[in-house]
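Me: I have a structure open and would like to go through it piece by piece. Can you take my questions as they come?

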Amino acid sequence: MAVFKRPNMLIDVPLHYCPGCTHGIIHRLVAEALDELTEQDKVIGVAPVGCAVFAYNYFNCDMYEAAHGRAPAVATGIKRVQPDKVVFTYQGDGDLASIGAAEIVHAATRGENITVIFVNNAIYGMTGGQMAPTTLLGQKTTTSPLGRSVERNGNPIRVSEMLATLDGPSYIARVSVHDVKNVVAAKKAIKQAFQNQIDGKGFSLVEVLSTCPTNWGLTPKEALNWLTENMIPQYPLGVKKEV
């Protein structure tokens, strides 16, 4: 009897992500949660532009491709037309917190009954390592070679805290996948976000702190340490809102 196997919600194909990238871990947690909560044919995912643009090649369910940042709007339309489906978006910080900022704020404040998986690696991963809304102060990127500064670039955006101030969301949490303990906690939060949708509680978002060794210019191990030492102090883990 197999103790550990590929979730039914994941297709058996190689992932395209860079070595040390934690998108693969997050994919698996989403897939495991959905396997445990619902049937495969009841799930519809939405992937916009970013490193996870090819999510439709990995998740074993119906998937829509959305324009850059517009996944919450597409998910809203799907859920309103097919309210019996479990609808989720899978978005990076460059997508959700930049060009998609208005979309996520308004979907959240309307309390749309969807689940958002928000992957925050503090940089634009797919397009060459530019500064993102979540890039840390002092962090060097291709468009902030001297490091992000308040004077030139403003402060990083704490998306979860911002959305938690709205009346619409039912569940907002920030987790990480940099070690086993936090991977377990991340799955619990993701599963809760999907359960809330199944229970009709409204908008849920789980922000997952993730690594980008390639664009950070670090080894996979160094990237995990950098996340722990730098990202978590800026983006504290925990449940930000629960109704």
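Me: Starting at a helix end, where does Gln 234 sit?
Reply: Gln 234 is part of helix H9, which covers residues 220-234. Bear in mind that this is a predicted model.

Me: Is Gln 234 buried or exposed?
Reply: Buried: its relative accessibility is 18%, and the cut-off for buried is under 20%.

Me: What does Gln 234 touch, leaving out residues up to four places away in sequence?
Reply: Leu 136, Pro 156 and Arg 158.

Me: Switching to aromatics. How many pairs turn up in the whole structure?
Reply: The search gives six aromatic pairs. One of them is Phe 59 with Tyr 90: the ring centres are 6.1 Å apart and the planes are at 55°, so this pair is classed as tilted.

Me: Which parts of the chain does the Phe 59 and Tyr 90 pair tie together?
Reply: Phe 59 is in the loop between strands E1 (43-47) and E2 (62-65), while Tyr 90 is in strand E3 (residues 86-92), so the pair links parts 31 residues apart in sequence. Phe 59 is buried at 1% relative accessibility, and Tyr 90 is buried with a relative accessible area of 1%.

Me: And what about Phe 88 and Phe 194, how are those rings arranged?
Reply: Their centres are 5.8 Å apart with the planes at 80°, so that pair is edge-to-face. Phe 88 belongs to strand E3 and Phe 194 to helix H7 (residues 180-198), so the parts tied together are 106 residues apart in sequence. Phe 88 is buried at 0% relative accessibility, and Phe 194 is buried at 0% too.

Me: Which residues make up the aromatic cluster there?
Reply: Phe 59, Phe 88, Tyr 90 and Phe 194 form one cluster.

Me: Now the largest nonpolar core. Which members touch the most others?
Reply: Val 30, Phe 59, Phe 88 and Tyr 90, out of 33 residues in that core. Helix H1 (23-37), strands E1 and E3, strand E4 (115-120), strand E5 (171-176), helix H7 and strand E6 (204-209) each contribute at least two residues. H1 has the largest share, with six residues.

Me: What is Val 30 in contact with, aside from neighbours within four places in sequence?
Reply: Phe 59, Phe 88, Tyr 90, Ile 117, Ile 190 and Phe 194.

Me: Which residues does the second core include?
Reply: That core is separate and has 21 residues, among them Val 87, Leu 166, Phe 203 and Leu 205.

Me: Last, the overall picture. How many helices and strands are there?
Reply: Nine helices and seven strands. The C-alpha atoms fill a box of roughly 50 × 45 × 30 Å along the principal axes.

Me: What share of the residues counts as buried?
Reply: 52% of the 243 residues. The protein exposes about 10,700 Å², and carbon and sulfur atoms supply 56% of that area.

Conventions: Residues are numbered from 1 along each chain as its sequence is written. This is a predicted model: local features need pLDDT of at least 70, side-chain atom pairs count only at pLDDT 80 or more; totals for chains, interfaces and linings use all residues. Side-chain values use heavy atoms; hydrogens and water are left out. Rings of Phe, Tyr and Trp (its six-membered ring) pair if their centres lie within 6.5 Å; planes under 30 degrees apart count as stacked, over 60 as edge-to-face and the rest as tilted. Helices (H or I, at least four residues) and strands (E, at least two) are DSSP runs, numbered from the N terminus. Buried means under 20% relative accessible area, exposed over 50%, partly exposed in between (1.4 Å probe, protein chains only). A nonpolar core is a set of buried Ala, Val, Leu, Ile, Met, Phe, Trp, Tyr and Cys residues joined through side-chain atoms within 4.5 Å. Contact means heavy atoms within 4.5 Å. Accessible areas come from the Shrake-Rupley method with a 1.4 Å probe; for residues, only the protein chains shown count as cover.
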